[in-house]
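Subject: Structure for your review

Dear colleague,

Please find the structure below, followed by an account of what was found in it. I would be grateful if you could read the two side by side.

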Amino acid sequence: YASALPVPDNPLEVEQLASSFNQLLETVNQKSEQEKAFVSNAAHELRTPIAVILGHSKLIQRRGKSHPELVNHSVAFITDEATRMQRLVNQLLVLSRADRAKSERSYINLSDVVFETVEEERAVLSQRIAVTGDHSAVVYTNADNVQQILRTLLDNAGKYSPKGSLISVKIQTTDTKIILSVTDEGPGIKPEDQPRVFDRFYRGDFARDEHIQGTGLGLSIAKQLANLNQIELDVTSNQPVGTIFTLSFNNPKYQLS
Ligand code: ADP
């Protein structure tokens, strides 16, 4: 005979159990909704460049011989869109790895990583970049991940602020934290949009209206890498113009004391 499960004396326990089960179910459902939305967004983002590439290659096939001047024009579109797809797919791969990745951390001098990255970016950005602050700050982190986050912040400052303006990179030390900030002189981000910039595929109106190249994945990858290393990544407005992104590390000196 199968015996019935003992019913707890206190019916409240059953209710509590049911309610935590429901909460769990809700979390699982939300997660799977997010996954579905992510896959459908990714497919959607890939669809546009694929359509452009197909359109132009058909055009070349049909009319390339009789209108050779069309070929160069179409090839330029195909190259642009293929480059966009390549960037998107690379970023999707980074995101899927960052989901599972474990980061190897060590004590590093933060300004070494900052200077290396800034030098690389100076070669490609048309803004001036100034580095100030505490050059001796040591953090316990993964240098490659920090470099990738900083590269994204500098690339964005470059994309969204005027040529020749100033991008300021600062390292500040407090008793408990070491804060790395990137400040630009661009249009800024409205307070109500600020939390959304870390969402996958989110692109602001300015980025879309001005046709600035991008996938809307850079900051979501940066956020994921920051979480992996227990670094807080935040955004605020600069006054009166511009944006400030901050990375806050725990100060290892405080943790040891
Ligand atoms: P992408 O730059 O490819 O669009 P990101 O995830 O890096 O994607 O950024 C998301 C959005 O956040 C951008 O589309 C833009 O609207 C906004 N943004 C990011 N950095 C800045 C910045 N420095 N100044 C103004 N807006 C920014």
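Ile-231 lies in the loop between helix 6 and strand 6; helices (H or I, at least four residues) and strands (E, at least two) are DSSP runs, numbered from the N terminus. The model is a predicted one, in which local features need pLDDT of at least 70 and side-chain atom pairs count only at pLDDT 80 or more, while totals for chains, interfaces and linings use all residues. Residues are numbered from 1 along each chain as its sequence is written, and side-chain values use heavy atoms, with hydrogens and water left out.

Ile-231 counts as buried because its relative accessibility is 4% (buried means under 20% relative accessible area, exposed over 50%, partly exposed in between, with a 1.4 Å probe and protein chains only). Neighbours within four places in sequence aside, Ile-231 is in contact with Thr-141, Val-146, Ala-226, Leu-247, Ser-248 and Phe-249 (contact means heavy atoms within 4.5 Å). The C-alpha atom of Ile-231 is separated by 28 Å from that of Asn-29, which is 202 residues apart from it along the chain. Just after helix 6, Gln-230 takes a positive phi of about 50 degrees.

**Helix 6**

Helix 6 spans residues 218-228 and is mostly covered, with eight of its 11 residues buried. Among the buried ones are Gly-218, Leu-219, Ile-221 and Gln-224. The buried residues of this helix pack against helix 2 (68-100), helix 4 (143-160), strand 6 (232-237) and strand 7 (243-250).

Gln-224 lies in helix 6 and is buried, since its relative accessible area is 14%. Not counting residues up to four places away in sequence, Gln-224 touches Leu-95, Ala-98, Asp-99 and Arg-200.

**The ligand**

The ligand is surrounded by 20 residues, and the closest are Tyr-160, Asp-184, Arg-203, Gly-204 and Thr-215 (a residue is near a molecule if one of its heavy atoms lies within 4 Å of it). A polar side-chain atom of Asp-184 lies 2.8 Å from a nitrogen atom of the ligand. A polar backbone atom of Gly-216 is 2.9 Å from an oxygen atom of the ligand. For Leu-219, a backbone N or O atom lies 2.9 Å from an oxygen atom of the ligand. Taken alone the ligand exposes 540 Å², and the protein buries 96% of that (accessible areas come from the Shrake-Rupley method with a 1.4 Å probe).

**The nonpolar core**

The largest nonpolar core has 45 residues, and those with the most contacts inside it are Leu-110, Val-114, Leu-180 and Phe-249. Helix 4 gives the most to this core, with six residues. Such a core is a set of buried Ala, Val, Leu, Ile, Met, Phe, Trp, Tyr and Cys residues joined through side-chain atoms within 4.5 Å. Leaving aside its neighbours within four places in sequence, Leu-180 is in contact with residues including Leu-110, Val-114, Leu-150, Ile-171 and Phe-249.

**The chain as a whole**

The protein chain has seven helices and seven strands. Buried residues make up 36% of its 257 residues. Its radius of gyration is 24 Å, whereas a compact globule of 257 residues would have one near 18 Å (taken over C-alpha atoms; the globule rule is 2.2 Å times the number of residues to the power 0.38). The C-alpha atoms fill a box of roughly 85 × 60 × 35 Å along the principal axes.

With kind regards

Notes
Polar contact = N/O pair within 3.5 Å; in protein donor to acceptor, adjacent residues only side chain to side chain.
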